[in-house]
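Let's take a quick look at the charged side chains here and how they pair up. Here's the model.

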Amino acid sequence: MLFSRKGKLKKEFDEKLVSTIKETKNTWQNAKVLEELMDDYSLDMIAERKKAESIHFYLFKEARIRRVLIK
């Protein structure tokens, strides 16, 4: 009775994690496209791309540790 919410909470937060991973993937892809379309060499755009990439891979690693299936 006390632990009945554990599965429900895990499922809820796993869904949030998957949606966040999908959002960060889109952000990372957009940053890559913008960097490729830039004419000049911009350190700000490179930093934004690397930041988005690192956030995405951190969340992906967290999902792997928590054994979340991403569909």
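## A linked trio

Lys 10, Asp 14 and Arg 66 are joined in a network of salt bridges (a salt bridge being a side-chain nitrogen of Lys or Arg within 4 Å of a carboxyl oxygen of Asp or Glu). Keep in mind that this is a predicted model, where local features need pLDDT of at least 70 and side-chain atom pairs count only at pLDDT 80 or more, while totals for chains, interfaces and linings use all residues. Residues are numbered from 1 along each chain as its sequence is written, and side-chain values use heavy atoms, with hydrogens and water left out.

## Inside the network

Lys 10 pairs with Asp 14, their closest N and O atoms sitting 2.8 Å apart. Both belong to helix α1 (residues 4-37), and being four residues apart puts about one helical turn between them. Helices here are DSSP runs (H or I, at least four residues), numbered from the N terminus.

Asp 14 also meets Arg 66, at 2.7 Å from N to O. Arg 66 lies in the segment after α2 (43-65), so this pair ties helix α1 to a part 52 residues away in sequence.

As for accessibility, Asp 14 is buried at 11% (buried means under 20% relative accessible area, exposed over 50%, partly exposed in between, with a 1.4 Å probe and protein chains only). Lys 10 is partly exposed at 43%, and Arg 66 is partly exposed at 29%.

## Over in α2

The structure has five salt bridges. One of them links Glu 53 to Arg 49, with 3.4 Å between the closest N and O atoms. These two sit four residues apart in helix α2, about one turn. Arg 49 is buried at 17%, whereas Glu 53 is partly exposed at 25%.
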